[in-house]
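Reader: Please walk me through the model shown here.

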Amino acid sequence: MNIRFLETFVTLAQLRSFRATARALHATPAAISLRIKTLEEELQTELIDRASKEFRLTANAEYLLGHAKAVVDATRRLMAAAQKDSAIRGRLRVGVIESVVHSWLAQYIRELNTMYPELEVDLTVDMSNVLERRLRARELDLVIQVEGVESSDIVSEALAVYPLHWIARKGLIDTRKEGLNQRLLALPILTFGRGTAPQRMIEEIVSKMANLAMVPLEQTRITCSPSVAAIVQLVKDGYGVAAIPSLFVVDSLKNGEFIELPVQPEPPAIIVSMCFHSNAEMLVHAAANAARQACAGYCAQIDPRYIKSLG
């Protein structure tokens, strides 16, 4: 059985689109369709419900998907193990933003430890502008930050999208009456560290909202923090409204402690990217590959309303 065809099936199941899968695997939609048909013949079962107008896996495909993922993952580990040599040893200096810490960092570190047990990882957590500066200075080997780096010497690859929403403690603000935007602007608005891309976008949105609501801009208050944990705690304390990914407060949203405010416009989503020097050592490229797998694996387990893989 062709492992590439199994990998195509797994990717197609995640992206739910032949065109998107073709782009992800650098193939044509026709080639992807042929791989799936060939795999169906080998497995002697239908994987795609072609009677449905929307993309849908068959029940048997849903059942086989877990097995396919296991085979693909085992094959990747086998290939990684076969390719291990002195290049995949030494110290790897990784920098990440807090959004990664509160999502798929643990899965990434486990992936590195499993695939490259002789690799030593030095981890730095900081804001994107600091990580980018340290990457350019070659003080870090690989960084995972908001947006990519504009440089011909640096590889930038978007990994995931984190949708942002207006988050508040239940009961803090009445959502049933008109003038919700004015009431939101009367409260402190919590967002990421000053100078970051999300913070700058929130500044622009608040300025536009204040103008439309005829609220003096000087009366609005934006509280910035590089700490996701600090922002979440301030929301719990009823300090204000946060413009953050719902991913970080899923449990509080489900138990009713927090709510998503139906305020327009919603904050733009955060795009998290991986960056490293194009002439980096083999261990950096290996670590980048592990990051792709860890991020995609994490996203596959989470509701796409909260995070979406771009890998």
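**Helix 9 and other features**

Reader: Which residues of helix 9 are buried?
Author: They are Ala197, Pro198, Gln199, Ile202, Ile205, Val206, Met209 and Ala210. Buried means under 20% relative accessible area, exposed over 50% and partly exposed in between, with a 1.4 Å probe and protein chains only. Helices (H or I, at least four residues) and strands (E, at least two) are DSSP runs numbered from the N terminus. This is a predicted model, in which local features need pLDDT of at least 70 and side-chain atom pairs 80 or more, while totals for chains, interfaces and linings use all residues. Residues are numbered from 1 along each chain as its sequence is written, and side-chain values use heavy atoms, without hydrogens or water.

Reader: How far does helix 9 reach?
Author: Its 16 residues, 197-212, reach 23 Å from first C-alpha to last, close to the expected 22 Å, which is 1.5 Å times one less than the number of residues. Just after helix 9, Met214 takes a positive phi of about 60°.

Reader: Is Cys275 buried or exposed? And what about Cys299?
Author: Cys275 is buried, at 0% relative accessible area. Cys299 counts as buried too, at 7%.

Reader: Where is Leu123?
Author: Leu123 lies in strand 2, residues 119-125, and is partly exposed at 41% relative accessible area.
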